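How are the strands of this chain arranged and paired? The following paragraphs go through two regions in turn.

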Amino acid sequence: MRVEVADLDSFREVARGLLVRGVPPDGVLFSEERQRQASLLAVETPPPSAPVAGLSVPPAFLELAGRVACHRSPERWGMLYRVLWRLTHGERKLLEVESDPDVYRLLTLAKAVRRDAHKMKAFVRFRKVEREGEEHFIAWHRPDHLIVHHVAPFFARRFPSMRWSILTPDASVSWDLKALTYGPGVPRSEAPEGDVLEEMWSTYYASTFNPARLNVRAMRAEMPRKHWPTLPEARLIPELVRGAPERTAKMVRPRLEESDASRYLPAHRDLGSLAEAARGCEACPLHERATRTVFGEGPVGARLMLVGEQPGDTEDRQGRPFLGPAGQLLDEVLARVGLDRQELYVTNAVKHFGWTGDEKQRLHAKPGRREVLACKAWLDAEVAQVKPRMIVCLGATAAQAFLGPGFRINLSRGQVFETPWAPAWMATFHPSALLRMPDDAARARARAHFEEDLRKAAETLRAMAGAREGH
């Protein structure tokens, strides 16, 4: 039997009809349907109000099918139906057996879609145009798979207050501040070539480029050449690669005139020895007014490392990170997203409390670039010992300790990157920033984004754990 399928919805209709009729996987051949038509099988499918016993499937299959349906493989529908048949014919826990050939093939397709979605989120670059006197932002992207419908809600959440369109060869999507509208694919020629935002992206990329960690093969794997024409920063890559050796030499050349905590590092660099040595650190002036050094805490091998800016007043007095109001808010959100703080490693980019005022009212003073650089040796040593699978930076200062002063939270908050410090790296708001917001509505929105980012971190860790077990 030959059936045509256009998308996930039509597959579900067709598959339901096949299951009701008892058609086994070997008895059906799926093919792509360019424009969806009424399925002959769908007329024999019981309506939603009359569910058929035995046709319920685990939610995990529906989630998996949502990703697999975005893959370009013409075999995906047949593969999905084979697993669906087995789930509804006595193998209810089939998806828990990731070594099963059918399940493994589906997970492989889903992984490819997930990776492609990540690249779309990372590589889409909007260009500003004027439409009927209003600003509109347009981007062109060429994904590997059919992911526009899958990824578009992310951009609606990320850029809710600007009108934008994303064009791809397969489909297009637009946001009018209220709803998403989908349309057909368009060629590259339909998108604008450049605008005033180009310089911003180029400056940002150049400032975060680390020549000492240059790996051309890995860079091309993460940023395939096919995306370069739409990435304004890509034109800088040849020049940055050519100049990497000279810039690296300058970076590693001793600069004795600058403060650096590396001279305080102990010979044995387990966490206990590091914490003890940090108590005597005088690499920057902050130690002069601080009550004590506040080092990180948590287990070696913690999958997640949280990095804040610096200790606050409460932390300075008690000598432990994130104990004050910001720490309480952090603990509350961690619990909501299913993360146990006892299993995490929590630290700060700067280990001493910087403050102004008097002892009765010690007011937080943001650390400068000098203090951040002076303390970087401690942070690097912590990362080297903990070896986290993921790092989440709380606030711009923590993020810039890793990626430099060009990093901007408002541009990259919530995005997951692969970095030399951890396979997954993300920046989000510092909880104290939420507490300082005077406007209730703004605070509620920021709190929602903060919780969303930490939930995404938890999901990323679960996905990474699942991938490792699968191998």
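Two strands count as paired if DSSP finds at least two bridges between them; strands (E, at least two residues) and helices (H or I, at least four) are DSSP runs, numbered from the N terminus. This is a predicted model, in which local features need pLDDT of at least 70 and side-chain atom pairs count only at pLDDT 80 or more, while totals for chains, interfaces and linings use all residues. Residues are numbered from 1 along each chain as its sequence is written, and side-chain values use heavy atoms, with hydrogens and water left out.

An open sheet of 4 strands runs in the order S9-S8-S12-S13, with parallel pairing. Its edges are S9 (345-348) and S13 (424-428); each has a single partner strand, so one side of each is left without a neighbour in the sheet. From one strand to the next the twist averages 20° (axes are lines fitted to C-alpha atoms, with angles from 0 to 180 degrees between N-to-C directions). S12 (residues 390-394) pairs with S13 in the parallel sense over 5 bridges, and Leu394 stands opposite Thr428 in S13.

S4 (residues 134-140) and S5 are parallel partners over 4 bridges, with Phe137 opposite Trp164 in S5. Between S4 and S5 the chain passes through helix H5 (residues 148-158), a right-handed β-α-β crossover (with the strands pointing away from the viewer, the path from the first strand over the helix to the second runs clockwise). A hairpin through 3 residues then joins S5 to S6, and S5 pairs with S6 (residues 171-175) in the antiparallel sense over 4 bridges.
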